[in-house]
Amino acid sequence: MTRYSTRFRRIAVLAAVGSLVAIAGCAESGRTGSGDGTGDGGTGASGGTFVFAGSADPVTLDPFFASDGESFRPARQIFEGLVGTKPGTADPAPLLATDWQPSEDGLSYTFQLQEGVKFHDGTDFNGTAACWNFDRWYNTPPGVGQTEDQAYYWISLFKGFAEGELTDSVYESCTVDSETEITVKLTEPFAGFVAALSLPAFSMQSQAAIEKYGAKGQDDPSQSAYATEHPTGTGPFVFESWVKEDQLVLTRNADYWGEVALLDKVQIVPIAEPKARADALLAGEIDGFDLVGPADIPRLEEEGYQIANRPAFNILYLGFNQAVKPLDDIRVRQAIAHAIDKEAVINASMPEGTEPALEFVPEIVAGYTTDVTEYAYDPEKAKDLLAEAGAEDLELEFNYPTDVTRPYMPSPGDTFNAIRSQLEDVGITVKPTADVWDPDYLDKISGSKDHGIHLLGWTGDYNDTDNFLGVFFGRASSEWGFDNPELFSALTEARGLPTVEEQIPVYEDINRQVMDFLPGIPLASPVPSLAFAPNVKGYVPSPVQDEPWNLVSVE
Amino acid sequence: MLRFVVRRLALMVPVLVGLSILLFVWIRSLPGDPARAMLGQRATPEAIERINKLYGFEDPVVQQYVTYVGRLIKGDFGESTRNGDPVVTTFFDQFPATIELAFTALLFAIVLGVPLGYWAGRRVGGWLDNLIVSTSLLGVVTPVFFLAILLKLVFAEWLDWFPTSRRQDARIEATHVTNFYVLDGIITREWDASWDAIMHLILPGIALGTIPLAIIVRITRAAVADVISEDYVRTAYSKGLDPAIIRNRHVMRNALLPVVTTIGLQTGLLLSGAVLTESVFEIGGIGRYLFEAISQRDYPVLQAYILFIALIFSIVNLLVDVSYGVIDPRVRVS
């Protein structure tokens, strides 16, 4: 037995070693050399490699079928749309279109296109390519590609497709006037149209690449070979490789039509926990990361790391469910508003630089006005109002989420505690109810009537007032539990106005109307932060995360 | 022997079918709705309804199960509802990360556990025995995630001896062939990549391996203490046999049987512990993916992953049973 097993063991070991050697014989290192690259391109300078951590893997690399920030992050580097944003703002600016003119009725837009632009596969970007993209979006085949899980922005902005369940589309047609000019026709006025085109979802993509690698028939378009291995745009970086859960690698597009990137290479890695991202930066494993936890800021700054704030483009609010009595009484809502000291809440739970909110849109959105009813912190007045409403012994369920940080809600538990103690100071009994953010909390707040007052908020996608007010109050919902047809129809009308100029006074009115009606209390617009190693230069934070990395360098 | 293996494999089929039914019903009875989880804050009633219809989440559970089995027979385990990835592909992409971690943990547990258990077992009641037994008790009761966070804090953040998270430094730019990062470095001769991957495995390996280590110590100790008092050991000593031969052939070999059984049973523990360890150390293996799938009600991923894990557990334990025959001739005869 002993002899048999020893021999057996020897054979096994030999076989294992042999197979290893065999594999080694045919495996090659894929390294390209020293790693400092071949610094060509217009600048001559080599900006090195930039390792950046996001919070998760992208869902897909075809931005049309994405709506999450992690999918848009690489899309901003690989692709460009007709419209971009002015650096550091949410305002539309020329990108692949150099200029545009709306028609008077707001039903058609003419775009002049940038000349001499090529996709990464060498094909031309021109009028034909631009219209092909519009038609591609409109002709998305029925199936998973037509759900809000994928073509979210097309559905929410353009409403419908050529065929399938949703056919009432705002989009009508795209005509190639010449190779440098196209005209897009809409079926109804849409003032946010140009700003909407700055979303990465509406990036220009290569027809040749999609026809070669794209999904066929009923296949999931967000997981095609194109969307995982061959994304092809016109941007400053070219896709190189993607190992899921590990890293996404992009390299400089040396033939970029704009300012050629300084960096040779970009590596985007997923690290889920904010604290783990900070640890990785401090350990020198990465050069920068997004979504900095407020608790990590002091320790990063102490060590000499850079913190960059994005201009706030979000809003955190305390919502009232008017289906629960006595929250349907305006005096009770006003009383709660007077009971809350927003400054104290901000100091207790939000990053430095956060301003209290006056209304349900942040300051840089069209229609923002300082001329709205304000509810100053006044506990005595709050008590009087409660007495007047016969609600001295008010008992309220207070819902808040756990296991989550959002740009607008960096620390929900602390925000809850600060507000809770203020409410108790005016004699309100608070019944805390905590739920896990997704799906439990969201389910309860927006899918059921079973909640009292709650914390929630929103980050804007692009510069459009409807993207805030319309999302919150555009229709009766179980989140707010009220029916206010006057408000609903005002919002529908405002959305249909042909230009932003015409919308501004209307949205100012709506903001006033909302703050008198007081469906909830806008609390603050916390500033989201990025962190970088001391040697990273040239990163310009954008409120809508439109941050192309061609000017970034690592020295 | 062959008949034994075939019979055991055949027995696995009803077990897995039963498990798949239980899983299917259990997952669907969890509160929360996958359509809402998919859409997050952007969910509207209409969008939820359309997704439920398209994915068949609203059909009767029996009908959903029949559809599911129909696809399963064709080898189609479905796609993740979170990101559309085919479940089987992601499982095999992520599996190497978990295997590397589990292997490191097991290596740590065995290499340290068996000798420690042996020393303790030879001198039951001695000071070394007392020390080992009480320390191992501490190991058994320390929760995996607590130990993981503690190790990371002390050895990665304060002392800076090890990397804080992930499987490999992105700057290494390693070539990946098999997705076993240590192995990849060896076969492509990127030695720094292998070394870096090993450094990344040490803390999570210790965190995950501590409970198995403690259990192996205790089982080995008991088995050795048992065997050492057997008549044949005393006889061997009294006839003047080399103590080294007694230790290896007579004591260890006979004590190994319960130890091997225990190691087999640890696979389940390792795989469940991997869920926590991978989350703490940001390792992209099946454990972390499963954890995310639970919170997102990702039905296809939950079903397939739990089923695969059960299958692995059954196969490992079958291998353990087979190994009895190699270790102990008495089992082979019966």
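This is a predicted model: local features need pLDDT of at least 70, side-chain atom pairs count only at pLDDT 80 or more; totals for chains, interfaces and linings use all residues.
1. Six strands of chain A make an open sheet. Their order is β16-β20-β15-β19-β17-β18, and the pairing is mixed.

2. **The edges.** β16 (355–356) and β18 (429–436) of chain A are the edge strands. Each has a single partner strand, so one side of each lacks a neighbour in the sheet. For β16(A) that partner is β20 (residues 520–525) of chain A, and the two run antiparallel over 2 bridges. Within this pair, A:P356 is bridged to A:A524.

3. **A helix on the sheet.** Helix α13 (residues 412–425) of chain A packs on the sheet. The strands it touches are β15 (314–320), β17 (395–402), β18 and β19 (453–459) of chain A. The direction of α13 makes about 165 degrees with that of β17(A).

4. **β19 and its partners.** β19(A) pairs with β15(A) in the antiparallel sense, through 7 bridges. With β17(A), the pairing of β19(A) is parallel and has 2 bridges. On that side, A:N399 stands opposite A:H454.

5. **β19 is enclosed.** Of the 7 residues in β19(A), 7 are buried, so the strand is largely enclosed by the rest of the structure. In a regular strand, side chains alternate between the two faces of the sheet. Both faces of β19(A) are covered. On one side, A:I453, A:L455, A:G457 and A:T459 are buried. On the other, A:H454, A:L456 and A:W458 are buried too.

6. A:T89 sits in the loop between β2 (83–85) and β3 (92–94) of chain A. Beyond its neighbours within four places in sequence, A:T89 is in contact with A:I364 and A:P543. A:I364 lies 275 residues away along the chain, yet the C-alpha atoms of A:T89 and A:I364 are separated by 8.3 Å.

7. **The contact between chains.** Chain B gives 45 residues to the contact, and chain A gives 45 residues. On the side of chain B that touches chain A, the elements giving two or more residues are α2 (34–39), α3 (45–55) and α5 (87–122) of chain B. What is the make-up of this side of chain B? Its residues divide into 14 nonpolar, 13 polar and 18 charged.

Key: Residues are numbered from 1 along each chain as its sequence is written. Chains are lettered from A and ligands numbered from 1 in the order in which they are written. Two residues are in contact if their C-beta atoms, placed from the backbone, lie within 7 Å. Helices (H or I, at least four residues) and strands (E, at least two) are DSSP runs, numbered from the N terminus. Ala, Val, Leu, Ile, Met, Phe, Trp, Tyr, Cys and Pro count as nonpolar, Asp, Glu, Lys and Arg as charged, and the others, Gly among them, as polar. Two strands pair if DSSP finds at least two bridges between them. Axes are lines fitted to C-alpha atoms, for helices over the stretch in contact, and angles run from 0 to 180 degrees between N-to-C directions. A residue is buried if 20 or more other C-beta atoms lie within 10 Å of its own, exposed if 12 or fewer, and partly exposed in between; C-beta atoms are placed from the backbone.
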